[in-house]
Amino acid sequence: INVPHTGRVALAIYLVSAGASVEKVVELFRHAPDFSEKTTRYQVEYIKAKKYSMPSCSTMDSYGICIAECHCGSPLNFRDNLHGRRLRQLDEQKKT
């Protein structure tokens, strides 16, 4: 499936915010039918450098790219609610 630009940007922001490296994000998009490594790398690095914030669920819904009805406000909130406790536990284990 060829994901629309707004979906790709949202996914890149999400992954960068979650700590994924530029390399991993670029690799994920490599399978897109219109992939350009130069363009993708530039845009992902730009998103990271400018510290883009995650679009809200309502914004993503207006773009037609939000498929959940979780009413959490942001995919980052969803991730934190779903995985936050487990991630914090792993961080604590790493510190000890």
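This is a predicted model: local features need pLDDT of at least 70, side-chain atom pairs count only at pLDDT 80 or more; totals for chains, interfaces and linings use all residues.

Biologist: How does the span of α3 compare with what its 13 residues should give?

Modeller: One sets the expected span beside the distance between the end C-alpha atoms. At 1.5 Å a residue, α3 should span 18 Å, and its end C-alpha atoms are 18 Å apart, so the two values agree.

Biologist: Which residues of α3 are buried?

Modeller: The general idea comes first. An α-helix has 3.6 residues a turn, so residues three or four places apart point the same way. In this case the buried residues of α3 are T40, R41, V44 and I47. They lie on the same side of α3, because the arc they cover around the axis is only 130 degrees. On the other side of α3, the exposed residues are K38, Y42 and A49.

Biologist: Against which helices do the buried residues of α3 pack?

Modeller: The partners are α1, residues 5-17, and α2, residues 22-29. Two members of the buried set illustrate the point. I47, in helix α3 (residues 37-49), has a relative accessible area of 7%; since buried means under 20%, I47 counts as buried. Leaving aside residues up to four places away in sequence, I47 touches V9, A12, I13 and Y52. For I47 and A12, a sequence separation of 35 residues goes with a C-alpha to C-alpha distance of 7.7 Å. T40, also found in helix α3, is buried at a relative accessible area of 13%. With the same exclusion of residues up to four places away, T40 touches V26, F29 and F35.

Biologist: Is Y46 buried, partly exposed or exposed?

Modeller: Y46 lies in helix α3 and is partly exposed, with a relative accessible area of 35%. Together with Y42 and Y52, Y46 makes a nonpolar surface patch of about 330 Å².

Biologist: How many salt bridges does a search of the whole structure find?

Modeller: The search finds five. One of them joins the side chains of D34 and R8, at 2.8 Å from N to O. D34 lies in the loop between α2 and α3 and R8 in helix α1, so the pair ties together parts that are 26 residues apart in sequence. D34 counts as partly exposed, at 46% relative accessibility.

Biologist: What does R41 meet in a salt bridge?

Modeller: The side chain of R41 meets that of E23, at 2.6 Å from N to O. This pair links distant parts of the chain, with R41 in helix α3 and E23 in helix α2, 18 residues apart. R41 is among the buried residues of α3, whereas E23 is partly exposed at 48% relative accessibility.

Biologist: Which residues are linked with R41 and E23 in a network of salt bridges?

Modeller: The network also takes in E27, R30 and E37. E27 is partly exposed at 38% relative accessibility, and R30 is partly exposed at 31%.

Biologist: How many helices and strands does the protein chain have?

Modeller: There are five helices and zero strands. Of the 96 residues in the protein chain, 27% are buried. Among contacts with a separation of 6 or more, 46% come from residues 24 or more positions apart.

Technical notes. Residues are numbered from 1 along each chain as its sequence is written. Side-chain values use heavy atoms; hydrogens and water are left out. Helices (H or I, at least four residues) and strands (E, at least two) are DSSP runs, numbered from the N terminus. Buried means under 20% relative accessible area, exposed over 50%, partly exposed in between (1.4 Å probe, protein chains only). Contact means heavy atoms within 4.5 Å. Patches are made of residues with over 30% relative accessible area and no salt bridge: like charges are joined within 9 Å, nonpolar side chains (Val, Leu, Ile, Met, Phe, Trp, Tyr) within 5 Å. Accessible areas come from the Shrake-Rupley method with a 1.4 Å probe; for residues, only the protein chains shown count as cover. A salt bridge is a side-chain nitrogen of Lys or Arg within 4 Å of a carboxyl oxygen of Asp or Glu. The expected span of a helix is 1.5 Å times one less than its number of residues. The arc is that of the directions from the helix axis to the C-beta atoms.
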